[in-house]
Structure formats: structure tokens, C-alpha cells
Amino acid sequence: MKTYSIKGILFDMDGVLVDSNAEVEKFWRAWAVKENLILTDQIIAEHIYGRTTIDTINELFQLSDPAVKKQIIEAALVFDRNLNPALMQEAARFVSEIASAFHKIAVVTSAPLERTQKILRLNKIDRFFSHCVTGDEITRGKPDPEPYLKGASKLQLQPAGCLVFEDSNSGILSAIAAGMYVIAVNNENYVHDKVIGHINDYTNMSVHNNILNIGTHKVHIDLMVE
């Protein structure tokens with residue numbers, strides 16, 4: 001059984017800590033209908049999940065009138081303020097276990113800072129994360145490695161010692177490009193040497209004696225506490 005030595009853990013937020021993907025997809029489908037765009041599952045996976053609002057608009061709505069793009073941005077701001085998704089199953093328990101044994105954990109999300117802080121606070125898990133990287137502070141969003149490299153920098157760690165929990169293809173690509181290991185969440189078909197486990201939620205996740213057990217895969221990860 002292979003063992004990985006990990007010094008830092010980074011979590012995406014939407015679809016990883018909170019169950020928000022359905023609402024996010026609904027928002028963009030509504031605008032696609034208005035603009036006569038067809039959103040396939042592949043388009044949603046590549047251009048919506050894990051992406052910033054600006055990136056999605058620039059890539060999917062590039063032919064839309066500038067006034068419409070402005071309306072989408074304004075609607076997205078309202079959407080972000082009102083969105084209050086539930087936590088993924090057992091996420092609070094798992095994150096608290098990680099935080100008790102291990103201090104270098106962060107959130108790396110394409111969501112704006114205001115929504116990130118609100119969701120973490122309302123779900124009472126904000127205190128577990130020492131740092132956040134949000135869509136407001138990056139110039140190149142996922143799948144570019146910048147978000148996760150910035151997360152490693154905030155934790156004062158080398159990327160090779162970081163483990164990422166991600167659901168979207170864009171996010172997984174970002175983490176891999178940054179040189180990190182990945183646990184894929186609800187993305188069981190994603191195969192890569194750096195993807196060392198697949199989970200649906202945190203029901204079968206546990207931390208014991210600084211060993212992270214990943215579901216039924218029983219991949220052992222030594223948490224190297226400094």
C-alpha cells in the first residue's frame with residue numbers, strides 16, 4: 001500500500017465542501033436559454049464548474065452584447081449573495097478532524113471572497129481554515145495552476161507536499177499543473193497519476209494518529225505536522 005507524505009491540504013469549496021453545483025448550473029442554464037446557447041454536460045464541466053464568473057462569461061458569452069454581459073455579472077453578484085448551500089455529507093466532521101490533527105489547511109475557490117466567507121461562516125467551518133484563496137485575488141483562474149500555487153505559498157509549503165480535494169475537471173487540472181496530489185470528489189472517471197483517490201462525500205473518511213484514510217481505498221497519507 002503506497003503512502004504519501006503530506007504537509008498541507010487544500011479544499012475547493014463548491015461541490016467539495018458545499019453541495020452547490022446544481023444551483024450554479026441552474027443559474028448559468030437560465031442565462032444560456034436567454035442567449036440561445038446550448039450547454040452540454042461537457043461544456044458545463046469545462047467552462048462552468050470550477051471557473052470564475054468572468055472566465056465563464058468570456059468563454060461562453062463572448063458573442064453576447066456588452067450590456068448583457070454586464071447584466072450577467074450583476075445577476076451573479078446577487079446570486080452569490082443569496083446562495084446558501086448545505087455542506088457535503090460529513091464535511092464538517094471530517095474538516096474538524098483534519099484541523100485537530102493538522103493545521104496547514106486552506107480553501108482555494110473560484111468563488112468571490114464575500115460568498116466564500118459567508119458560506120464558511122454560516123456552516124461554522126471558517127475557523128478550521130488558516131487561509132483562503134478566492135477568485136478575487138487571482139489573475140489566471142483554474143485550470144491554470146495559479147490558484148493552487150498561491151494556496152501553497154500562503155501555507156508556506158512546496159506544492160509537492162500538498163493534497164487537494166477537488167471536483168471539477170478545471171480544478172483537478174489546476175492542482176495537477178501545480179504539482180499537487182488530488183482526491184477527486186464526485187468525479188470518479190478522472191484518471192491521472194496525481195489523482196490518488198476518489199470519494200463521493202466524507203462519510204468514509206477518517207483521521208487517526210496523523211494518518212488520513214480515504215474511504216474504501218485505504219490510501220494512507222501521513223500528515224507531516226510541523
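The model is predicted, so local features need pLDDT of at least 70 and side-chain atom pairs count only at pLDDT 80 or more, while totals for chains, interfaces and linings use all residues. Residues are numbered from 1 along each chain as its sequence is written, and side-chain values use heavy atoms, with hydrogens and water left out.

Start inside. In soluble globular proteins, nonpolar side chains tend to be buried together. A nonpolar core here is a set of buried Ala, Val, Leu, Ile, Met, Phe, Trp, Tyr and Cys residues joined through side-chain atoms within 4.5 Å. Buried means under 20% relative accessible area, exposed means over 50%, and partly exposed lies in between (1.4 Å probe, protein chains only). The largest nonpolar core has 36 residues. Those with the most contacts inside it are Ile9, Phe11, Phe129, Leu163, Phe165, Tyr202 and Leu212. Several elements give two or more residues to this core, among them strand 1 (3–6), strand 2 (8–11), helix 6 (113–122) and strand 5. Helix 5 gives the most, with 5 residues. Another core, of 20 residues, lies apart from it and includes Ile138, Ala152, Leu155 and Ala184. The helices (H or I, at least four residues) and strands (E, at least two) are DSSP runs, numbered from the N terminus.

Now follow two strands. Strand 6 (residues 181–185) pairs with strand 7 in the parallel sense, over 4 bridges. Two strands pair if DSSP finds at least two bridges between them. Isoleucine 183 stands opposite glycine 197 in strand 7. Why is strand 7 (residues 195–199) largely enclosed by the rest of the structure? Because 4 of its 5 residues are buried. The loop between strand 6 and strand 7 holds glutamate 188. Glutamate 188 is exposed, at 52% relative accessible area. Its C-alpha atom is 7.5 Å from that of isoleucine 199, which is 11 residues away along the chain.

Helix 8 (residues 169–177) is next. Its buried residues are Ser170, Gly171, Ile172, Ser174, Ala175 and Ile176. They pack against helix 2 (41–47), helix 7 (146–154), strand 5 (162–166), strand 6 and strand 7. Contact means heavy atoms within 4.5 Å. Just after helix 8, glycine 179 takes a positive phi of about 90°. Helix 3 (residues 53–60) also has buried residues: Asp55, Thr56, Ile57 and Leu60. Their cover includes helix 1 (21–34), helix 2 and helix 4.

Charged side chains come next. A salt bridge is a side-chain nitrogen of Lys or Arg within 4 Å of a carboxyl oxygen of Asp or Glu. By this rule the count comes to 13 salt bridges. Lysine 142 and glutamate 166 form one, at 2.7 Å from N to O. Lysine 142 lies in the loop between strand 4 (131–133) and helix 7, and glutamate 166 lies in strand 5, so the pair ties together parts 24 residues apart in sequence. Lysine 142 is buried, at 1% relative accessible area. Glutamate 166 is buried too, at 0%.

In another salt bridge, arginine 51 meets glutamate 59, with the closest N and O atoms 2.6 Å apart. Arginine 51 is buried, at 13%, and glutamate 59 is partly exposed, at 29%. Glutamate 97 and arginine 93 are also bridged, at 3.3 Å from N to O. This pair is separated by about one helical turn, because the two are 4 residues apart in helix 5. Arg140, Asp144, Glu146 and Lys150 are linked in a network of salt bridges.

Turn to the backbone. Most residues other than glycine have a negative phi, and most peptide bonds are trans. Lysine 142 and proline 143 are joined by a cis peptide bond, with omega about 15°. Glutamate 90 has a positive phi, near 70°. Glutamate 90 sits in the loop between helix 4 and helix 5. Lysine 124 has a positive phi of about 60°. Lysine 124 lies in the loop between helix 6 and strand 4 and is exposed, at 60% relative accessibility.

Finish at the surface. Ile54, Ile73 and Leu77 form a nonpolar patch with about 240 Å² of accessible area together. Patches are made of residues with over 30% relative accessible area and no salt bridge; like charges are joined within 9 Å, and nonpolar side chains (Val, Leu, Ile, Met, Phe, Trp, Tyr) within 5 Å. Accessible areas come from the Shrake-Rupley method with a 1.4 Å probe, and for residues only the protein chains shown count as cover. Leucine 77 is in helix 4 (residues 66–82) and is partly exposed, at 44% relative accessibility.
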